[in-house]
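Open your viewer and get ready to select residues by number.

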Amino acid sequence: MPAGQQPEAAGQNEKTEIELEEHANTPITHLPSEQKVELAGGETDPCFLERGDEEELEESLRLVPKIVRELVSIDDDPTLPTITFRFFVLSTTFAALGAIITQVAWFRTTAASYSMFFVQIVSYWLGNLMARTLPHKDVSLCGLFKFSLNPGPFSIKEHVLIVIG
C-alpha cells in the first residue's frame with residue numbers, strides 16, 4: 001500500500017469519530033412528551049409534561065403507564081358515531097370469516113391462523129373505503145327504525161368496536 005493512503009484513512013476515522021461524538025450529545029426523542037412543542041404566541045403545548053409535573057396528575061391518571069398516557073388521547077368526542085351501518089357490515093363480515101376459518105382449520109392437521117392484526121388493518125381500510133363510497137342516504141326499516149348509510153368519516157370508535165366484535 002502506498003504511504004499516502006494511510007494518513008487519509010486515519011483522517012477519515014478521526015472525522016467520523018468527531019461526528020459520532022457530536023451526535024452522541026444530541027438527545028433522541030421517542031415519545032411526544034420528550035418533544036416540546038411551541039405554540040403561537042410563545043406558549044408551550046399543554047400536553048407537554050415537565051419532569052416534576054407528573055405529581056400534579058390525578059391519581060387515576062398516574063396509575064396509567066406513561067407510554068399509554070402519551071400515546072392514547074384521554075379526550076372523548078361523544079358526537080362521533082359508533083353503532084353504524086358500517087359497524088354492522090364489517091363486524092359481521094369479520095366474525096363470520098373468523099368462524100369459517102376456525103371451523104375449517106379444526107378438521108385439518110395444519111392450523112390456519114386468523115390474526116387480530118389482520119382484522120385491525122383490513123377493517124380500517126374497508127371502513128375508510130365505505131365512508132368514501134357509501135351514499136349519504138337515510139334508510140327506514142318498516143317505518144320503525146331510521147339510520148344513515150354513511151353518517152360521516154370513519155371514526156376511531158367504529159374501528160375499535162369492529163375489532164372487538
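Start with Glu-70. Its relative accessibility is 18%, so Glu-70 counts as buried, because the cut-off for buried is under 20%. Keep in mind that this is a predicted model.

Lys-66 is partly exposed, at 41% relative accessible area. Glu-70 and Lys-66 form a salt bridge, with the closest N and O atoms 4.0 Å apart. Both residues sit in helix 3 (residues 66-71). They are four residues apart, about one turn of the helix.

How many salt bridges does a search of the whole structure find? It finds three.

Next, select Lys-157 and Asp-76. Their side chains meet in a salt bridge, 2.8 Å from N to O. This pair links distant parts of the chain, 81 residues apart. Lys-157 is in helix 6 (residues 156-164), while Asp-76 is in the loop between helix 3 and helix 4 (85-106). Lys-157 is partly exposed at 21% relative accessibility. Asp-76 is exposed, at 55%.

Move on to Arg-86 and Glu-158. They form a salt bridge too, with the closest N and O atoms 2.8 Å apart. Arg-86 lies in helix 4 and Glu-158 in helix 6, so the pair ties together parts 72 residues apart in sequence. Are these two buried or exposed? Arg-86 is buried at 0% relative accessibility. Glu-158 is buried as well, also at 0%.

Last stop: select residues 87-106. UniProt, in an unreviewed entry, lists them as "transmembrane region". In the model, this stretch is 100% helix and 0% strand. Its end C-alpha atoms are 28 Å apart.

Note on methods. Residues are numbered from 1 along each chain as its sequence is written. This is a predicted model: local features need pLDDT of at least 70, side-chain atom pairs count only at pLDDT 80 or more; totals for chains, interfaces and linings use all residues. Side-chain values use heavy atoms; hydrogens and water are left out. UniProt positions are given in the numbering used here, feature names are shortened, and annotations may be inferred rather than shown by experiment. Helices (H or I, at least four residues) and strands (E, at least two) are DSSP runs, numbered from the N terminus. Buried means under 20% relative accessible area, exposed over 50%, partly exposed in between (1.4 Å probe, protein chains only).
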